[in-house]
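Here's a quick briefing to read alongside the model. Have a look at the chain first, then we'll go from the overall picture down to one helix pair.

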Amino acid sequence: MEVEDHLAGGSISATKAARMTVGADAPAALSALSQGVTMKTTQLFCKGALAAALILGLGACSGMSSRDKNTAVGAGVGAVGGAILTEGSVGGTVGGAAVGGIIGNQVGK
């Protein structure tokens, strides 16, 4: 007999019928729940790793000269500009970084 038949016949309560109905879908519900937990854990890990990389990266710049900082900024800006102009091609990004680094180095002279 189906859950509805038991409920209509009065042999079980509505609460028990609800439990039986949810119980039938329990594996799907657990799978969806575990995927959500995995996604949240992954996002949390990525945010922590990004924060750690940012802190360590900024700490590495503390001993740089003004000219070195200008070179790094120029390379970063050049890489972004090259990627935008060439729609994300690797060659454009690397070329933009190289040109930007050279310009940044020469600006501080």
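The chain's accessible surface comes to about 8100 Å², and carbon and sulfur atoms account for 70% of that. Bear in mind that this is a predicted model.

**Fold**
- You'll find 5 helices and 0 strands in the chain.
- Going along the sequence, that reads as α-α-α-α-α.

**Burial and contacts**
- Of the 109 residues in the chain, 11% are buried.
- Take the contacts with a separation of 6 or more: 34% of them link residues 24 or more positions apart.

**How H4 and H5 pack**
- Two packed helices are described by the angle between their axes and the distance between the axes.
- Here, H4 (residues 66–85) packs against H5 (residues 90–107) at about 150°, and the axes are 6 Å apart.
- The cut-off for roughly antiparallel is over 145 degrees, so H4 counts as roughly antiparallel to H5.
- As for handedness, H4 and H5 make a right-handed crossing.

**Who meets whom**
- On the H4 side, the contact includes Gly 74, Gly 78 and Gly 82, along with Ala 75, Ala 79 and Ala 83.
- Arg 67, Asn 70 and Thr 71 are also among the H4 residues that meet H5.
- H5 brings in, among others, Gly 92, Gly 96, Gly 100, Gly 101 and Gly 104.
- Thr 93, Ala 97, Asn 105 and Gln 106 of H5 take part too.
- Sorted by type, the residues of this H4–H5 contact come out as 13 polar, 4 nonpolar and 1 charged, with Gly counted as polar.

Definitions and conventions:
Residues are numbered from 1 along each chain as its sequence is written. This is a predicted model: local features need pLDDT of at least 70, side-chain atom pairs count only at pLDDT 80 or more; totals for chains, interfaces and linings use all residues. Side-chain values use heavy atoms; hydrogens and water are left out. Helices (H or I, at least four residues) and strands (E, at least two) are DSSP runs, numbered from the N terminus. Buried means under 20% relative accessible area, exposed over 50%, partly exposed in between (1.4 Å probe, protein chains only). Contact means heavy atoms within 4.5 Å. Accessible areas come from the Shrake-Rupley method with a 1.4 Å probe; for residues, only the protein chains shown count as cover. Axes are lines fitted to C-alpha atoms, for helices over the stretch in contact, and angles run from 0 to 180 degrees between N-to-C directions. Angles under 35 degrees count as roughly parallel, over 145 as roughly antiparallel, 65 to 115 as roughly perpendicular and the rest as oblique. A crossing is left-handed if the near helix is turned anticlockwise from the far one by less than a right angle, and right-handed if clockwise.
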